[in-house]
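Please look over the sequence and the structure shown below before reading on.

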Amino acid sequence: MTTLVINITGLLLIVAIVWWFWVAQAGQEKASVSVGDEQTEILVRGGVYEPDHIRLPAGEAATLYFRREDPSPCAEYVLFPDLEVSAQLAVDERTPVRLPAAEPGRYPFTCQMQMYRGTLTVE
Amino acid sequence: MSDTSKENERAPAESRTFRLEGVTCAGCVRSIESALDGVPGVAEARVNLADRTLVVAGSASDDECIAAVEAAGYGAERVRTSERERREQQHAEEQRHYRSLLLRCFLALGLGVPLMAWGLLGGEMMVNTPGQQMAWGVVGLLTLGVLVYCGGHFFTGAWRAFLHHNANMDTLVALGTGAAWLFSMAVVIAPQMLPEMSRHVYFEASAMIIGLINLGQALELRARGRTSAAVEKLLELQDPTARVVHDGEERDLPLEEVQVGDLIRVRPGEKIPVDGTVEEGRSLVDESMLTGEPVPVNKGEGDFLSAGTLNKNGTLLFRAEKVGADTRLAQIIEMVKNAQSSRVPIARLADRISAIFVPTVMIIAVLAALAWYNFGPEPRAAHVLVVLTAVLIIACPCALGLATPMSVMVGVGKGAEYGVLIRNGKALQQASKLHTLVVDKTGTLTEGEPRLTEIEADDSFDGTEEELLELLASLEQGSEHPLAAAVMAAARERELEFLRTEDFEAITAHGVAGRVDGRAVLLGNRKLMQRENIDTGSWDKRVKQLGEEGRTAMYAAVDGRMAGIIAVSDPLREDAKAAVARLQQLGVRIEMLTGDNEGTARAVARQLGIDRVHAELQPEDKEKIIGELQDSGEQVGMAGDGINDAPALARADVGFAIGAGTDVAIETADVTLMRSSLHGVADAIALSRATLRNIKQNLFGAFIYNTLGIPIAAGVLYPFTGALLSPVIAGAAMAMSSVTVVTNANRLRFFQPEGSNAEVATSNSVKSGEA
């Protein structure tokens with residue numbers, strides 16, 4: 001009986017991992033934030049960008065403001081590989097990151113090691 | 001909504017910091033913040049009591065903010081920080097973080113090492129009696145303290161990431177150490193729940209892993225600091241102050257306060273603080289740090305000065321034209337920084353794996369644990385925990401993620417030291433794969449300043465050679481062709497008179513025509529003579545002979561009859577032959593492009609040992625030739641001056657602009673060579689290959705580490721060794737893997753291309769080191 005419970009728990013755990021980190025993550029776009037005003041900051045701390053899902057209007061250049069609170073070297077750079085944009089973030093400072101006008105689509109942004117992850121949706 | 005507030009919304013929310021005076025308590029904070037709230041244009045004002053600073057966001061001016069603070073009874077002064085000061089602040093911040101990581105490491109190891117030693121020396125690690133329960137309970141609480149104080153950031157990071165449907169390295173560390181601690185606490189609290197053989201505690205593993213990973217991060221931080229040494233060197237080229245002359249008075253101002261139009265004095269031995277033009281004085285200026293050119297340049301009135309260059313022997317008074325981020329040095333620094341953090345296509349696979357890495361490892365850990373539970377020998381519960389923890393801890397997404405960016409960072413920085421500015425990671429990768437380099441002859445292989453070498457008059461010409469030159473030089477006054485400059489320079493040298501010219505016409509790909517002093521004069525190639533029905537007689541043979549010697553000969557006709565020929569030659573660059581040989585040694589085939597005739601072009605190619613020549617080209621042909629080479633499957637690089645060859649440079653897989661750092665070249669080329677030498681191309685190719693090799697080593701190492709490490713941690717060697725991998729060893733391996741990647745990338749700092757530029761880079765390093 002214990003064996004069965006443990007095996008079922010293990011399999012459920014695997015299903016939960018797949019669902020939470022891949023399936024549910026894909027549906028997270030609904031919770032994205034429109035960053036139209038200059039007051040919104042993207043906080044870089046504790047392994048995540050907050051907010052990590054951002055919406056921008058298509059065809060317009062924009063500036064995102066990052067504030068890095070995590071002093072670990074992981075958080076030092078933010079990269080938008082598809083837009084060929086990158087910026088070095090200073091600790092406890094607001095760093096503007098200028099993005100060129102982009103076509104509608106999803107553009108991931110990450111730290112160098114891809115541990116910090118976010119998605120920019122241009123629509 | 002009022003107009004002002006609308007304006008505020010549109011205005012950029014520039015954030016500035018002020019240093020406050022007279023601030024002592026929370027009451028002061030409130031009164032300053034509310035004073036600023038009333039200032040139009042202030043979007044947000046925050047006072048930090050601890051460091052007595054005020055940060056204001058919004059479009060309000062500095063003076064308005066200071067006035068509001070003063071009206072509230074306090075003092076305020078704008079804190080201006082230069083890029084260099086900011087770097088210093090960041091260094092200080094890094095140093096603090098480094099010390100805090102070391103402290104956490106020592107505390108965690110302070111508990112973990114004695115516990116591990118106890119176990120290794122045969123001490124009891126099982127919990128079977130109430131006394132053992134009590135003792136291990138105390139140890140468990142101490143370990144909890146270590147987890148919270150030394151490893152709390154892993155747990156908070158993992159939790160935040162989890163809430164964002166994300167999993168990262170923190171997740172693995174938190175799960176691994178948390179599982180070991182929870183299992184051990186379960187053993188301590190209710191040992192009877194587990195079979196006797198499984199009542200083993202693993203507190204030492206939790207503490208050791210936290211200590212080792214903090215140690216790994218501290219070492220990585222140190223090693224990473226060295227990867228950005230190149231930008232540091234460039235930043236050190238800039239002096240923090242400038243001596244500004246205002247109303248006859250000289251004042252040392254911080255660089256950030258220097259404005260366009262300011263008059264600046266630079267004394268011998270000082271660095272030029274901003275870009276500008278000399279108004280008074282004469283001096284030698286060492287520009288090697290920007291152009292790679294080792295010989296100092298003589299600068300006088302009207303000459304341009306670049307920030308970061310060194311004034312050698314005289315005093316110069318110059319007018320600031322570009323300051324702050326607009327100086328050439330600032331643009332170079334910006335470009336290097338951007339390129340250092342750009343992605344390389346080769347990393348795409350690693351990027352894809354990184355994106356799914358951590359959840360995948362979690363699944364593998366669960367599957368391995370289930371396998372051990374179902375099929376493993378006793379003590380199963382203990383084995384399950386060891387395998388679960390070891391798999392989670394040994395997996396290192398960091399090594400994989402760091403493999404490429406660290407090498408690019410060092411490689412691009414190293415390029416800057418050699419005067420090779422690489423636009424991005426893609427250019428770096430493509431430069432390493434080049435088969436063919438197409439080189440524009442003029443200005444790249446040759447000096448680009450042709451000189452008149454021959455003037456020979458026809459017997460039928462009613463005058464001397466000097467008179468013929470006088471006519472031709474006068475005609476060429478209207479031409480913008482580089483050869484015209486050579487003819488006019490020769491006439492000036494011989495102190496000839498320039499005559500009145502009328503009806504000047506430049507006939508594309510043929511030559512020039514016009515009336516000089518009332519006589520019809522033609523100067524151009526054979527096609528021009530044919531077009532005008534002029535018999536060139538025996539001159540064709542002479543023109544061919546001169547062409548074979550590498551000179552460009554042109555026919556001259558006066559009043560409808562052959563008058564003679566002139567020949568000009570563009571001397572080869574001193575280092576062109578050696579640079580071509582270096583490129584060929586690197587396995588790159590060189591093709592030369594030129595508008596010159598076939599004979600001249602072949603003669604130059606022969607002297608340089610170049611295999612293929614494309615002569616008599618129109619400007620638009622260059623791009624076409626590159627296209628044809630690409631269609632035949634070759635990776636083609638193009639080296640040109642960055643302005644005239646812009647379309648060809650853009651078409652090539654890698655465009656090398658040999659433009660001594662002109663703004664246009666920096667903006668358009670994939671690789672900009674600050675020094676006007678083809679050696680730079682060889683340096684760039686050698687460096688890109690070394691960097692790609694380094695990236696491949698890192699990627700290979702990271703893949704192998706993970707693909708071997710995870711199965712070993714899962715216990716595949718158990719049937720042969722009879723033992724499982726200790727989670728502590730897994731933690732040490734994980735901590736060392738990313739340090740190894742960064743250290744391997746740092747090896748690139750010792751890269752030295754074989755050839756003449758090595759000395760330049762060394763001297764640059766010495767200069768910036770002295771600064």
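The domain assignment of chain B gives domain 1 (15-80), domain 2 (83-239 + 328-418 + 687-757), domain 3 (259-322), domain 4 (419-447 + 572-685) and domain 5 (451-569), with bounds that come from an automatic or database domain assignment. This is a predicted model, in which local features need pLDDT of at least 70 and side-chain atom pairs count only at pLDDT 80 or more, while totals for chains, interfaces and linings use all residues. Residues are numbered from 1 along each chain as its sequence is written, chains are lettered from A and ligands numbered from 1 in the order in which they are written, and side-chain values use heavy atoms, with hydrogens and water left out.

**Domains 2 and 4 of chain B**

- The centres of domain 2 of chain B and domain 4 of chain B, taken over C-alpha atoms, are separated by 45 Å.
- The contact (heavy atoms within 4.5 Å) takes 28 residues from domain 2 of chain B and 28 residues from domain 4 of chain B.
- Between domain 2 of chain B and domain 4 of chain B the buried area is about 2,300 Å², of which carbon and sulfur atoms give 55%; buried area is the accessible area (1.4 Å probe) that two parts lose on being put together, summed over both.
- Between domain 2 of chain B and domain 4 of chain B there are zero salt bridges, a salt bridge being a side-chain nitrogen of Lys or Arg within 4 Å of a carboxyl oxygen of Asp or Glu.
- The count of residue pairs in polar contact between domain 2 of chain B and domain 4 of chain B is 15, both residues being at pLDDT 80 or more; a polar contact is a pair of N or O atoms within 3.5 Å, where within protein one must be able to donate a hydrogen and the other to accept it, and residues adjacent in sequence count only if both atoms are side-chain atoms.
- On the side of domain 2 of chain B that touches domain 4 of chain B, the elements giving two or more residues are α11 (328-340), α14 (397-417) and α26 of chain B, and the largest share, six residues, comes from α11(B).
- Helices (H or I, at least four residues) and strands (E, at least two) are DSSP runs, numbered from the N terminus.

**Helix α21 of chain B**

- In helix α21 (residues 576-585) of chain B, the buried residues are Ala576(B), Ala579(B), Val580(B), Arg582(B) and Leu583(B), where buried means under 20% relative accessible area, exposed over 50% and partly exposed in between (1.4 Å probe, protein chains only).
- The buried residues of α21(B) pack against several elements of chain B, including β22 (589-593) and α26 (679-714).

**Salt bridges within the chains**

- Over all chains the structure holds 35 salt bridges.
- Arg94(A) and Glu41(A) form a salt bridge whose closest N and O atoms are 3.0 Å apart, and because Arg94(A) lies in strand β8 (residues 94-99) and Glu41(A) in strand β2 (residues 41-45) of chain A, the pair ties together parts that are 53 residues apart in sequence.
- Arg94(A) counts as buried at 15% relative accessibility, whereas Glu41(A), at 21%, counts as partly exposed.
- Glu591(B) and Arg612(B) meet through their side chains in a salt bridge (3.3 Å, N to O), which links strand β22 of chain B with strand β23 (residues 612-614) of chain B, the two residues being 21 residues apart.
- Glu591(B) is buried, with a relative accessible area of 0%, whereas Arg612(B) counts as partly exposed at 40% relative accessibility.

**Interface of chain B and chain A**

- In the contact between the two chains, 56 residues of chain B meet 47 residues of chain A.
- The area buried between chain B and chain A is about 4,600 Å², of which carbon and sulfur atoms give 57%.
- The count between chain B and chain A is one salt bridge, and Arg160(B) forms a salt bridge with Glu50(A), the closest N and O atoms being 3.9 Å apart.
- The largest share of the side of chain B that touches chain A, 13 residues, comes from α12(B).
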